[in-house]
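Open the model in your viewer and keep the selection panel at hand. The tour goes residue by residue, then steps back to the whole chain.

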Amino acid sequence: MTARLRRARPGSPELQALVDELADRLGRSVAVDDPLARKVCTSRHMVVPEKKPGEEETAAIAPAADAMPTRMYGEHSAADTRKTDERDPALALVGADVAALTAAQPSTCRPC
């Protein structure tokens, strides 16, 4: 079974800071795309297509490239957790589990 490609969320301020820091070190623009080639984050620098990265630039890219997926995965997981935290009480209100229904109701609406 093949994995379904999903659109990445827009970059957070922390991811943007990583991208901007790398762009400053390289003196060129940096873009982070998702697997569907959609922009997640871009730096504010002009594109330098005729100049290939040298050894120093390549050495600067490696640690940033290692840190970005970890940051993006953490942000994705946190967003999923928030979504679950919001969804579960709503589902409990319409479910058949009396204990979950009671726990999901606001304190002013508890059954007598």
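## Stop one: E75

Select E75 and show what surrounds it. Setting aside neighbours within four places in sequence, E75 is in contact with S12, E14 and L15. This is a predicted model. E75 itself sits in helix α2. Now pick the C-alpha atoms of E75 and G11: they are 8.9 Å apart, although 64 residues separate the two along the chain.

## Stop two: E57

Stay on helix α2, which covers residues 55–94, and select E57. Its relative accessibility is 12%, so E57 counts as buried; the cut-off is under 20%.

Which residues does E57 touch, beyond neighbours within four places in sequence? Display L26, R28, K51 and K52; E57 is in contact with these. A polar atom of the E57 side chain lies 2.8 Å from the backbone nitrogen of G54.

## Stop three: the whole protein

Clear the selection and colour by secondary structure. Along the sequence they follow the pattern α-β-β-α-α.

Switch to a surface. The protein exposes about 8,400 Å², with 58% of that supplied by carbon and sulfur atoms. Of the 112 residues, 19% are buried.

Among contacts with a separation of 6 or more, 52% join residues 24 or more positions apart.

Conventions: Residues are numbered from 1 along each chain as its sequence is written. This is a predicted model: local features need pLDDT of at least 70, side-chain atom pairs count only at pLDDT 80 or more; totals for chains, interfaces and linings use all residues. Side-chain values use heavy atoms; hydrogens and water are left out. Helices (H or I, at least four residues) and strands (E, at least two) are DSSP runs, numbered from the N terminus. Buried means under 20% relative accessible area, exposed over 50%, partly exposed in between (1.4 Å probe, protein chains only). A polar contact is a pair of N or O atoms within 3.5 Å; within protein, one must be able to donate a hydrogen and the other to accept it, and residues adjacent in sequence count only if both atoms are side-chain atoms. Contact means heavy atoms within 4.5 Å. Accessible areas come from the Shrake-Rupley method with a 1.4 Å probe; for residues, only the protein chains shown count as cover.
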